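Welcome, and please open your viewer. We will go from stop to stop, selecting a few residues at a time.

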Amino acid sequence: MTETMIKLRLNQQQLELIDRTIASGVAPDRAALVRLAVREYAAARKAETKARPNDLEPVR
């Protein structure tokens, strides 16, 4: 897997939320929390693209 550098611009409220999340033990630092979030987002998107169109329609 290749590494990709991303740059985030976060406001004060977003930084405080990240820091509270880290304090709760979800991740050891900001970078680790961002990596976790990106991995979870990618996994969700991958699952969405594998779903067939009929899988998303309500069951009747």
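Start by selecting Asp19 and Arg30: they form a salt bridge, their closest N and O atoms being 2.8 Å apart. The term stands for a side-chain nitrogen of Lys or Arg within 4 Å of a carboxyl oxygen of Asp or Glu. The pair links distant parts of the chain, with Asp19 in helix H1 (residues 12-23) and Arg30 in helix H2, 11 residues apart. Helices here are DSSP runs (H or I, at least four residues), numbered from the N terminus. By the salt-bridge rule, the count comes to one.

A word on what you see: this is a predicted model, where local features need pLDDT of at least 70 and side-chain atom pairs count only at pLDDT 80 or more, while totals for chains, interfaces and linings use all residues. Residues are numbered from 1 along each chain as its sequence is written, and side-chain values use heavy atoms, leaving out hydrogens and water.

Now colour by accessibility. Asp19 has 32% relative accessibility and Arg30 has a relative accessible area of 40%, so both count as partly exposed (between buried, under 20%, and exposed, over 50%; 1.4 Å probe, protein chains only).

Next, select Val38, in helix H2 (residues 30-50). Val38 is partly exposed too, at 44%.

Methods
Helices (H or I, at least four residues) and strands (E, at least two) are DSSP runs, numbered from the N terminus.
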